[in-house]
Amino acid sequence: MPTPISLVPNAAPVTSLPGIGPALAARLAERGLTTGEDLVWLVPRRYDDVRTAVAVRAALAGPTGERATVSGVVAGCRFVRLGRRRRWVELHLADAAEPAAILVIRWFNAHGPMDRRFPVGARVLVSGRLDRRGRTFAMANPDVLAIHTPDGRSTEAPARIIPRYPDIPGVPAATLRKACAAAAVQVGAIADGVPAAIAARRG
């Protein structure tokens with residue numbers, strides 16, 4: 001009697017992974033990603049090393065147009081809405097030693113409750129592309145790596161090497177990363193298709 005598909009890790013549907021419901025599964029299916037193994041074989045287009053962080057003041061003195069990992073203190077955060085469709089969360093991240101040094105961070109198409117994650121005085125670690133617009137230094141949609149609030153609450157992402165997968169409409173990048181990581185655990189080791197003799201010869 002053949003083994004049911006639901007018991008074969010490689011063939012288990014993406015909905016068997018945490019955080020993947022029918023709607024997200026449909027978005028993934030549009031790209032041919034229907035099983036855990038499909039996600040394992042989804043190759044990142046690059047990796048970002050976010051292990052080295054700098055203070056806001058040092059980031060503003062460095063090059064722009066490049067990715068930076070920045071640590072600072074929340075000077076203010078608000079939810080902004082213009083009309084029905086335009087909305088974002090705007091965070092002002094200050095240097096702990098030089099409060100006048102400010103990095104403006106915006107998450108576009110964000111929801112109101114997101115601003116509550118960043119109370120004034122919280123220490124935040126973010127990673128994204130640093131740009132300059134006139135006299136303002138800004139980041140758009142950076143990754144939040146850590147939040148340490150004044151009341152002692154703390155959240156921190158364990159990963160310091162972030163894989164960047166191809167964009168899939170309707171699937172947030174962070175959700176896709178979590179799904180691929182969960183798929184790798186669920187599926188386990190799979191053959192890479194390279195004959196052993198060739199692998200040995202090529203090192």
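Two strands are taken to pair if DSSP finds at least two bridges between them. In this predicted model, strand 6 and strand 8 (residues 143-148) meet that condition, with 5 bridges in the antiparallel sense. Within this pairing, Arg 123 is found opposite His 148 of strand 8.

Strand 8 is also joined to strand 9 (residues 154-156), again in an antiparallel arrangement, through 3 bridges. One of the contacts places Ala 146 against Glu 156, its bridge partner in strand 9. The two strands make up a hairpin in which 5 residues separate strand 8 from strand 9. The turn contains Gly 152, whose phi is positive, at about 95°.

Trp 88 is buried, its relative accessible area being 12%, whereas Phe 108, at 40% relative accessibility, is partly exposed.

The rings of Trp 107 and Phe 118 form a stacked pair, because their planes are at 10°, with the centres 5.2 Å apart. Trp 107 is located in strand 5, while Phe 118 sits in the loop between strand 5 and strand 6 (123-133). The pair therefore ties together parts that are 11 residues apart in sequence. Both Trp 107 and Phe 118 are buried.

Definitions and conventions. Residues numbered from 1 in each chain as written. Predicted model: local features only at pLDDT ≥ 70, side-chain atom pairs only at ≥ 80, totals over all residues. Heavy atoms only, no water. Buried < 20%, exposed > 50% of the residue type's maximum accessible area, 1.4 Å probe, protein only. Phe/Tyr/Trp six-rings, centres within 6.5 Å; stacked < 30°, edge-to-face > 60°. Helix = DSSP H or I, 4+ residues; strand = E, 2+ residues; numbered from the N terminus.
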